[in-house]
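The following explanation leads a new reader through a structure, one part after another.

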Amino acid sequence: MSQPNTPATLLQRREFLQGALGAGGLLALNSLLPAYAATQFAPGLGTVTPPNRRHAADTLMDIAIREQRLELAGQRPKAMTLNNSIPGPVVELYEGQRASLRVTNHLAEDSSIHWHGILLPFEMDGVPGVTFPGIKPGDTFNAEFDVRQYGTYWYHSHSGLQEQLGLYGPMVVHPAEPEPWAYDRDYVVMLSDWTFEDPHRVLANLKGMADYYNFQQRTSEDFIRDARKAGTGAALADRAAWGGMRMMATDIADITGETYTYLMNGLHPAGNWTGLFRPGERVRLRFINGSAMSYFNVRIPGLPMTVIQADGQNIQPVETDEFQIGVAETFDVIVQPQEDAAYTVMAESMDRSGYTRGTLAPRLGMEAAVPPLRERPMRTMVDMGMDMSMGGGHGGMKGMQHGDMPKMKGMDHQGMSGMQGKDTASGSAHASMDHSMDPSAGMKTAPAISGFATLAASIPNGRDQPIESRMERAGPVVARHGPDTHGPGNISVATVQRNRLGEPGTGLEDVDHRVLTYADLRNIQPNADTRPVDREIELHLTGNMERYMWSFDGDRFHEVESTVRFNYGERLRLILVNDTMMEHPIHLHGMFMELENGHDGRLPLKHTLSVKASERASLLITANERGRWAFHCHLLYHMKMGMFRVVEVV
Amino acid sequence: MRYLITLLTCLAAISAIPAYGSDDGVNPRTGAPASWPEPVKRSRFSQFLIDRLEAGFADAEDTNVWDAQGWYGGDVHKGWLKTEGEGAQGEPLESAELQLGYGRMIGRFWDLQVGVRHDFRPDPDRTFLAFGVQGLAPYFFEVDAASFISDDGDVSLRIEAEYELLITQRVILQPRFELNAAVQSVPEAGVGSGVNTTETGLRLRFEISRKFAPYLGFEWTQRYGETADFAREERAPTSVNALVVGVRAWF
C-alpha cells in the first residue's frame, strides 16, 4: 500500500532534521521556511496515486489506533491517531479487487473503524454493538471484503466521541473502468474540526448551556441597528417571535470556532496545506468533510469548480463557484488553473465562526489572499417551518387535506414501529404528495408572506437584502405536519414542510456567484432499480436544543424498542422531515439512497443527506444488503445523544 | 441465624438473575447479541452553578450572599441541590438553607421538582418539603417557583425570575426578581403572612469565560407588612439599597 502521506510522517522527518542539524540549525531552518515546508521532503500531503501510476491490486493494509501527542494546529495535544497521524493515511482500494484492512487497537479502551459509504458485508462495517462487538484493547480486527464500487469515501471510529479526537481518514477507491473525465493531479482535501478541550467536556458544556459556544448572538447593538432600519416595532416583533418560541435566530452551529480549530488535511490555516499544479493542468480535488460537527462552505476564488462526484458517485458534471458540504459528505471537483499563480481553497464554517484554507500553487511557499469571513447567517421563519399564510389557502397546499386522500397502493405501516410509530397522522398525509419534487416548478408556487411574518421578515439581517426576499426564494411547501409533536424531547415541528433541494444552503442564500444545490445533482448513469415503491417510511428529525436532546420521532435511541425493518429486496421510499431548525446530515450505512430531486431515472445516490431545517426530503432505497446497518445523524454529538437507529434488512 | 438464611437466599436469588451481557438475548434496539455493548451509550451529566457569590454594600450594613444550584442526571430524571444564604459581614449568618431533591422533565422547557429544604439559620432551624417547577418561560425568562411546607405545617412560596440581556457577546445585563410570601405568620423566623420580601436586582457581568464572570450590580430589597414589622422590632431596615460585587461561576 502507498506510504501514508501524513503530518506525522512529516513530523518524524522534522525530528530527524532536528537531530541532524541540532537545535540551532533547526531554528535557522525554521526562520527560512514556513511551518509546513517539510512537505517538500515528503510526497505531498493528501496526494492520491496519479492515474498513470495506478495498478489494480488487492489492498492489504495495517491501521494502528493509538493515543499519543502529536503536532497539531501549532500545539502538541494528546490525540488519537491512525498510523500516527491525523487524519489517517489515504487508504486506496481498487474496484473489483479485495481489501483486507487490519485495524489494531492500541488504546486502553474499545475502539472501531467504520468504512463510510463502502458497500460490504455488514459484519465488516465496524459499528460496535451493531455489526460486531468492537475492538478490545490490544486486539486486531481484519475488515475483509470485495471492493464493489469506486469513488471518494472516508473511514472513522464509531466508538463514543473518538472521532472528535482524531480517528478519521480519507479513502479512495479507483474504478475498474476508465473514468469519464481526465485529470493530471489528484488530491484529497479532508476538512475537519479539532478542539483542544476534552470532547466529553464539550458535550457537558452544551448540556449545561445550549449556546455555550455561540459568541455570535444578537446583542443590543443589533437591536438598535435593526430598529433604525426596519422600525422599532418590527425589531421588537422579530425578537418577540423568536423569544416566544424560546429559540435563537443565531443558532447555526452547536459547536463553533470558539473551541474549534478547522483543519484541511490535518493542517490549520497557518499550516496552509498546498496542492501543487502546473498551469493548465487539470486538478482533481476530493473534498471530504470528516468533521464531528461542522458544515463548511467551500470556494476557490478565481477558479470555477466542475463537480463530478457526490458521495463517491459520479454525477453529470456541474460547474459552480461554491458548494456547501455537510458533515460526512464528499464532493469531487476538477479545477483547471491557467495562471502561474496561487489560489486559496477557502472553507468557511457555515456559522462564520472560523475557517480553514489551503492553497493550490505552482510552487511551494506561495499563497493567495485569504478572503475575510462573510457575515454570519441567521435562521428564518422558513427554517422554523412556520405557516406564513396565516390561515389563508395557497397554491402549494392543494390536496393536502387529510380527509380525501387516497391511500398509497401497497403502503404498509406494519413492522415499522421502530421508525414510524405514533406518527401515523403525518404518515398518511404524505400519501398524496407530489414526490416528483421538481424544485424549479415549485418555486413559482411559494406562498405569499403576510401577517406577523412580514414584520419579522422586514428585518434586514445585517445585509443589503431583506430576509423577505430570501423567503420568497425558499423552496415550495409540499406538506404540513400532523398533530403529533413528538413529546418533550422535541421543541418545534415543521408546520409547513418545504422542498428545499434547490436552495444553496445556510450562509449562501445571498452570494453573488453560482452555488451548487442538491437539485443540480444528476446521476451520470440511469438508476438500476426502476420498480415502483413497495412501502413508505416517514421519519422525523427531532430535538430539544435547550436541553440538548436529539432524536428521531422524539425518541432517543435507548427509548426505542425495535429496529427499523427493511424487507430484503423491497423498494422503499424513506421520507425525512426535519422538525428542527438546523441541518442534520443523515447517514444510512450499507446502502445508497437515491435522492428524489426531480431527475427521475437519474437520481443521484447519497450515503449522507443533509436535510435542511423544516425540509421534507424523499429518498428511494433498494434494500438489497442483508444485515444490520446503523442509521443516524452524523453530527457526532447528536448521534451520541441518541439520534441513532438500527436498520435491519431481513 | 435467620438473617443469615435470608441473606443467603437473597444472594442465591440475585445470582439466578441472568447478568447483563449474557449471550442468551438479543438487544431489541439493535438486533445484535445482548452481550455486545450499546452502539450509543446513555450519558449522565452534572452542573454546579454559583449564580451569585457576592458582597453587598449598603448604608445599614454590608452583607455577603451566596446562591448556587447543582444537578446530576439525564434528560428526564435529575437529582438537584440548591443552597443560598446571607449574613452581615463579620456577623453570624442570618439565613442559610440547603435543598436536596428529585427533578423530572414534565415539558419541553420545564422540570417538576420535589425535595427537602433545611434552614440552618435563622435559629431555630426548620425543615420543609419543597415542590416546585423550574425552567424557561417564553421570551427566555428563567423561572424557579417553589412552595414549601414546614414541619409545623406552615406554607410559604418563593418565585425567582432572571433574564439575560446581551449588551455585547460577553457583557451581559441580568435583571433578577425574587418574591417570598407566606400563608402563616412565623414570628420566630421573622416571617409574616402575605408577601414577605421582594428582591429586585440588576447585575452587569463580564464573561471572561462562560464559566467565570465577575459582576457589578445593584439590588433593592423590600420587606412588607408583618415581615417589615418584625424587622423594625429587630431594628433592622425594611428597605435596603445595596451595591453588589460578585462572581458567577460554574463547574
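Predicted model: local features only at pLDDT ≥ 70, side-chain atom pairs only at ≥ 80, totals over all residues.

**A walk through the two chains**

In chain A, A:Leu541 stands opposite A:Phe552, a residue of strand β23.

Strand β25 of chain A, residues 571-578, runs antiparallel to β30 of chain A and is joined to it by 7 bridges. In this pairing, A:Leu576 stands opposite A:Ala617 of β30. Strand β27 of chain A, residues 593-595, also pairs with β30 of chain A in the antiparallel sense, here over 2 bridges. A:Leu595 stands opposite A:Leu619 of β30 in chain A.

Leaving aside its neighbours within four places in sequence, A:Leu576 is in contact with A:Leu539, A:Leu541, A:Ile586, A:Val611 and A:Ala617. In soluble globular proteins, nonpolar side chains tend to be buried together. In this model the largest nonpolar core has 149 residues, and those with the most contacts inside it are A:Val189, A:Phe287, A:Val307, A:Val333, A:Ala347 and A:Leu576. Strand β9 of chain A, residues 185-195, gives the largest share of this core, namely 6 residues. There is also a second, separate core of 8 residues, which includes A:Met384, A:Met386, A:Ala474 and A:Ala613.

Another open sheet of chain A has 4 strands, in the order β3-β8-β7-β5, and its pairing is mixed. At its edges stand β3 (91-94) and β5 (114-116) of chain A; each has a single partner strand, so one side of each is left without a neighbour in the sheet. Neighbouring strands of this sheet are turned by 25 degrees against each other on average, direction ignored. Within the sheet, strand β7 (residues 151-156) and strand β8 (residues 168-174) of chain A pair in the antiparallel sense over 6 bridges. Here the bridge partner of A:Trp154 is A:Pro170 in β8 of chain A.

Taken as a whole, chain A comprises 9 helices and 32 strands. Of its 650 residues, 56% count as buried. Among contacts in chain A between residues at least 6 apart in sequence, 79% join residues at least 24 apart.

Chain B has 2 helices and 13 strands. Its radius of gyration is 24 Å, whereas a compact globule of 251 residues would have one near 18 Å. The C-alpha atoms of chain B fill a box of roughly 75 × 55 × 35 Å along the principal axes. Buried residues make up 24% of the 251 residues in this chain. Among contacts in chain B between residues at least 6 apart in sequence, 40% join residues at least 24 apart.

B:Trp66 is found in strand β2 of chain B, residues 63-73. Is B:Trp66 buried or partly exposed? B:Trp66 counts as partly exposed, because it has 17 C-beta neighbours inside 10 Å, and a buried residue needs 20 or more. Apart from neighbours within four places in sequence, B:Trp66 is in contact with B:Ile50, B:Arg52, B:Leu53, B:Glu84 and B:Gly85.

It remains to consider where the chains meet. At this interface, 38 residues of chain A are in contact with 29 residues of chain B. The elements of chain A that give two or more residues to this side are α2 (199-208), α4 (232-245), β31 (627-633), α9 (636-640) and β32 (644-649). By class, the side of chain A that touches chain B has 17 nonpolar, 13 polar and 8 charged residues.

Key
Residues numbered from 1 in each chain as written. Chains lettered and ligands numbered in written order. Pairing = 2+ DSSP bridges. Axes fitted to C-alpha atoms, helices over the stretch in contact; angles between N-to-C directions. Buried ≥ 20, exposed ≤ 12 C-beta atoms within 10 Å, placed from the backbone. Contact = placed C-beta atoms within 7 Å. Nonpolar A, V, L, I, M, F, W, Y, C, P; charged D, E, K, R; others polar. Rg over C-alpha atoms; globule rule 2.2 N^0.38 Å. Core = buried A, V, L, I, M, F, W, Y, C linked by C-beta atoms within 7 Å.
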